[in-house]
Structure formats: C-alpha cells, structure tokens
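Work through these exercises with the sequence and the 3D view side by side. Try each task before reading its solution.

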Amino acid sequence: MLRLVLKPPLLLLVLTLATLAGIGCASNRNERAAQRGVSAYFAGRPDLAVEILEPLSHEPDRNYVLNNLRLGQAALAAGDLVTAENAYYRAYETLNAAGVNNQARTAATVLFNERVRIWLGEPYERAIANLHLGIVYYLQGDYNNARGAFENALFKLRRYAGDEDAEANYEEQESTFAIAYILLGRTWQRLGREDLAQQNFDRASELDPSLRALADSELHAGTNVLLILEWGTGPQKLPEGSGIVFAAASSPLLPQPRVVVNGRPAGIGELAVPTIDTHLMARQRRWQTIDTYRAIREVTGKGMMVGGVIVLDQGMRRRNEDTALLGAALIGLGALLDASSAPDTRQWEMVPRTIYLVPLSLEPGVHDIRVALPHPYGYGDLVQEFRNVEVGSGRETALYGRILPGHAGVIDFALPPDPVRGP
Amino acid sequence: MSLRCQFCMALLLTAAGLVGGCGTAVGSGTSTALSGDDLEAMADQMASGILASPEVQRVVREQGPLRVVVLPVENQLTGEVLPRGQAMAFTASVRTLLSRARTGNFVWVNNRDTFYALRARELEGMDLGPAPEAVNPEWALHATFRSLADDDKRGRSAFYQAVFSLTSLDNRTVLWTDVYNVKKTAVKSFLD
C-alpha cells in the first residue's frame, strides 16, 4: 500500500490537490470575513461593515481590489469619506495598472482555476468604482480630482469596446453611463470651465435623451445643492454550466424619488430620473475570452476522466501497476480540471442598481431634506433624511445617500460626528 | 503517453498551481502613474534649470538669496487623480530635492498647509524644511501637472507635462519657467 502512495502520478496528484487547497485556505478565511462585512452592510450597518472590511482591505491577495471596493462603498454609506477615499484609491491604483495578474497567475487561471486570478471586476464594476471615487472627491469639494476620476470612469468602459468600429462601440458602452458626463459637466462648472461643462452636458443628452432635462448647463449653474442618491442592488452573477449569467432584476422599472425640503415637496419633476441601470450595464459584458478557456478546461477534464477510466481498466486487465496508477492519476486530474472549470462568480455585491442626481436651489441657511424611494421588494418606502444641512452662499453643498433597507437613513449635520458610526 | 510525460505534465501543472499563489495584487503590474524616479528627474532638471537661468542669477545678485515657497501641485491630469496627501508629499519632496543643491542662493520653504499637514502625519525621513512663519517668502514655485491619457483595449498611455514656474508674490511676474515631459505606456495583458 505504501508503495502505491509513493508512485509519482499519485504523489503528484496529491501534491497538486494540496497546493490548490493551500492556495484557497487563507483566502477562504478572509472571504468569510468579507462576507460578514457585506452582510453587515446589507443589514443597514455600513459602520460595522467598515470595521470588518478595513483590515481585509490591506491584504494584497486576489480579493484586494474587491475588498477595497466593498470597504469604499460601506464607508461612503457610513459617511466616512476619508476611509472611502483611501479604499477607492487603492482599488483605483490597481485597476489602472496593466499586467496585475502576472504570467504565472494567468497560467494558473487558464489551466487550473480562475478564482486564483486577482479580481479586477467587470467593466461596469470598474466604471462604478471610478465614479464613486469621483463622488467622494466631489463631496469633499476637490473638483480637480473628481474630474479626473469621472474621466477615468469613462475610460474603463472604453477599454472593453470592440475592435471593429471603435467609435460606435464607445458610444454603445457610454450610452448606459451618461451620468459620468453629467457629473463631469457639473464639475467643470465648479472649476470655472463653462465651455467644457457644456460639451459634457451635450454629450450626455446625445447619449441618453431621457436625461436631457438633467443635462442642462443652466440648471446646474443655477443650483447650489446636489443630492446623489443610490438605490437598489446591482446585478447578481450566477454560474450557468461553464458560463456566467446575471440574475434578472426584481423589476424592470426604476422608481422616482420623492424629495421634500423643509416639509414641502421639491419641484424636481423630470429631473429625478434614474441615470443608470447596472443590470443593463452588466449585460453588455465583454470580457468573455476566459469563458472559452473555462469551456476547454471542462471538456479536457471530462476527456481525461474518460481516458483515465480506459487506462485504469487496461492496467488492471494486464495487471500492470504503473498503467493502472496512470489511469487513476488521469481520473484525479480530470476531476480536478472539471471541478475547477466552475466560473469565478466573485463580484462587488454592493453596487447600486441606479443613481439619482437631484440638483436643488436652496436659500443660504439650514435645511432639512427628506428623500423617499420604494423598497426594492415592495415593502413600503425607504427614507433618507438629511437634517440641519448648512447651505452657504456661493458654495456647493453635495450630499450622498445610499438608500438601503434596514439602514437608519438619518444624517444630522447638527450632531458631532460619531467616531464609531460616522456622521 | 509515457509515464515520464505524465510525470512532466503533472509537475508543470503543480508548478503552475504553486506559482499561481505567488505575486500580490500590489507587487505586479505596470502603471502609467508618475513615479518617484520621475519626480527626482523632474526636480534635478528644475534645480539645474533655475540655477542656470540668467534672470534668476541677476535677481540673486541684486537681492541676495531668494526665499521661495513651494505651492501645492495643481492637478490638471486627464483621467487621473492626485490625492491631497500624495500631492503634499510630492510638494515636500520637490522642496527637499531642490534644497539638495546647496548653492546658498535659495531658501526653499513648504507652503503652510503642506508643512502642517505633513508635520501632523509625522512622516519619518521627510525633511520639512523651515517653518513657514520663520521665513517670509517673496517668490512662489508653482507646479501644474497636465496629461493626455488614453485607455483602450490595448493598454493605457499617458503623456505628462509638468509646468513649473517661479513667480514673484509681490507683482506676479514670472522669473523662470520650465516644462518636464514624460510619456508612459502600460500594455494590457490577457486578464486585465
């Protein structure tokens, strides 16, 4: 029996399995912790999510970018802009680099298991990551950096446009992301470049005519408050055979927010329209080369298993121990390849379904703003309140709200920032 | 297939599995962002440019050593961000690098925000120079970073232009200006 175990094919099979198990071990612990953070976020405790995700965000493992995006989103929802900026910036640096998955990791991804690759997200996730980084800068009044991040968000969609007729493909990609142009336009206005602002508003209207009223230069120039509201949950990646599909949205329709300022409905009418639908963006998925390798791995794995059974059978019939072991090793490796052909369904779960931009013109002073949106699954309304918002003359006030079920949804600017729960 | 071939194949697969676990998310990859080397090259070029400028030499002869405040970097980069902390560290590094050329003709001082922000962070090894209150600067060194960037299927490229100017704080006249150009390219790989 001992002799059998020490035979090279079996030994190597065991080694291979042990190696793969080893790779997964430490990461699995971190992944479980990250999932606790994600659960805390969806349970309406973004502050707790920040606490859980913060240590994970410094681990430069295969989930480095993903965990930083999770932390960035949780911190943004908790009102912790410093943590959000740092987390999104760490993700931004890696997303902007090329060759993050080195050759060895690429080989391991193609041959073994695509979960060993460093997660860099789908195009829509990268675009939202950059958009959020821009929003974090915008909320802090750092308009030059906000502009840079919004521009980069558009780059991230372009990277995946097809080779043929690149301009038409850019347009197709960007048509689902005109929000970046609107925010760029408003940012250019704040930087005193009305000409560039106009260009960006025009581009937004051209790409998505439903946003024409919102992409109005005069509207943005004349408003001093911007509400950035995020609602719903993004697309869910599911394995289907050796491929990936995105689960259907709970409803094809996106609601309109109701905004009340100091107890009176704000006349926002056609401005309060959803600017994006991440479910739609996800379906334009273009990063599909790896799907082919996954299918090849699955077929190869099954082929090796069948071949292994034949070789094993031959070995046993001829009483040739080496041949029998080779057959067993082939079956094992085939099973391994087949099992590892499962698609990588890691995703940034916290991505919102849509974003609303609500520009308001308010007198200098202190205001209470209340926003209501329906629960994604129809359980009444979700409410976000901004209390004691100070609006100064001649400066912008930007407010962000992630409208989540279970989240307290009250930000009171009169209260000192809570060191634990954020503002 | 011989047993030896199977052995080799299994060995290769194992090796791939092993090395797949190596290489961190921050340890590999090529970035088009400006690096510390670029910064050093920039500061060296500036130092020699300023020292060689006949106009600057004339003013030094007439007024004595120039007291210069290094202002925060202005980000006009396309599609890139320059976080405040990094911009401040950059400003302080430029000041440090310029101070290395000890000609006695300049007193380089960080601007107030940068000085106190960096001091609050207690960065080890960062030479902050004299406190802004201790020196009454008459000149300002201003840097604007611009870039033309593109990011597509093939990779990312950025053409950077850093414009530096030495301006009088009294009358806004520009005593010296110089431009530093650098192009960076990162070629996209299979899994990017």
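Begin at one helix end: just after helix 4 of chain A, A:G79 has a positive phi of about 80 degrees. Helices and strands here are DSSP runs, numbered from the N terminus: helices are H or I with at least four residues, strands are E with at least two. The model is predicted: local features need pLDDT of at least 70, side-chain atom pairs count only at pLDDT 80 or more, and totals for chains, interfaces and linings use all residues. Residues are numbered from 1 along each chain as its sequence is written, while chains are lettered from A and ligands numbered from 1 in the order in which they are written.

**Exercise 1. Compare the reach of helix 4 of chain A with the expected span, then describe its burial.**

Step 1. Take the rule: the expected span is 1.5 Å times one less than the number of residues.
Step 2. Helix 4 of chain A covers residues 64-78, which is 15 residues. Its first and last C-alpha atoms are 21 Å apart, close to the expected 21 Å.
Step 3. Apply the burial cut-offs: a residue is buried if 20 or more other C-beta atoms, placed from the backbone, lie within 10 Å of its own, exposed if 12 or fewer, and partly exposed in between.
Step 4. In helix 4 of chain A, 15 of the 15 residues are buried, so the helix is largely enclosed by the rest of the structure.

**Exercise 2. Describe how helix 4 of chain A meets helix 7 of chain A.**

Step 1. Find helix 7 of chain A at residues 123-139. The two axes come within 11 Å and cross at roughly 40 degrees. Axes are lines fitted to C-alpha atoms, for helices over the stretch in contact, and angles run from 0 to 180 degrees between N-to-C directions.
Step 2. List the residues that touch (C-beta atoms, placed from the backbone, within 7 Å). Helix 4 of chain A supplies A:L69, A:G72, A:Q73 and A:L76; helix 7 of chain A supplies A:A129, A:H132 and A:V136.
Step 3. Sort them by class. The contact has 4 nonpolar, 3 polar and no charged residues. Here Ala, Val, Leu, Ile, Met, Phe, Trp, Tyr, Cys and Pro are nonpolar, Asp, Glu, Lys and Arg are charged, and the others, Gly among them, are polar.

**Exercise 3. Where are A:R319 and A:N388, and are they buried or exposed?**

Step 1. Recall the background: most residues other than glycine have a negative phi.
Step 2. A:R319 is not a glycine, yet its phi is positive, about 55 degrees. A:R319 sits in the loop between helix 14 (289-318) and helix 15 (321-340) of chain A. A:R319 is exposed, with 8 other C-beta atoms within 10 Å.
Step 3. A:N388 also has a positive phi, near 55 degrees. A:N388 lies in strand 8 (residues 381-391) of chain A. It too is exposed, with 12 other C-beta atoms within 10 Å.

**Exercise 4. Outline chain B.**

Step 1. Chain B has 5 helices and 6 strands. Their pattern along the sequence is α-α-α-β-β-α-β-α-β-β-β.
Step 2. Of its 192 residues, 31% count as buried.
Step 3. Strand 3 (residues 106-110) of chain B is mostly covered, with 4 of its 5 residues buried. Strand 1 (residues 66-70) of chain B pairs with strand 3 of chain B in the parallel sense over 5 bridges. There, B:V69 stands opposite B:V109.

Note on methods: Two residues are in contact if their C-beta atoms, placed from the backbone, lie within 7 Å. Two strands pair if DSSP finds at least two bridges between them.
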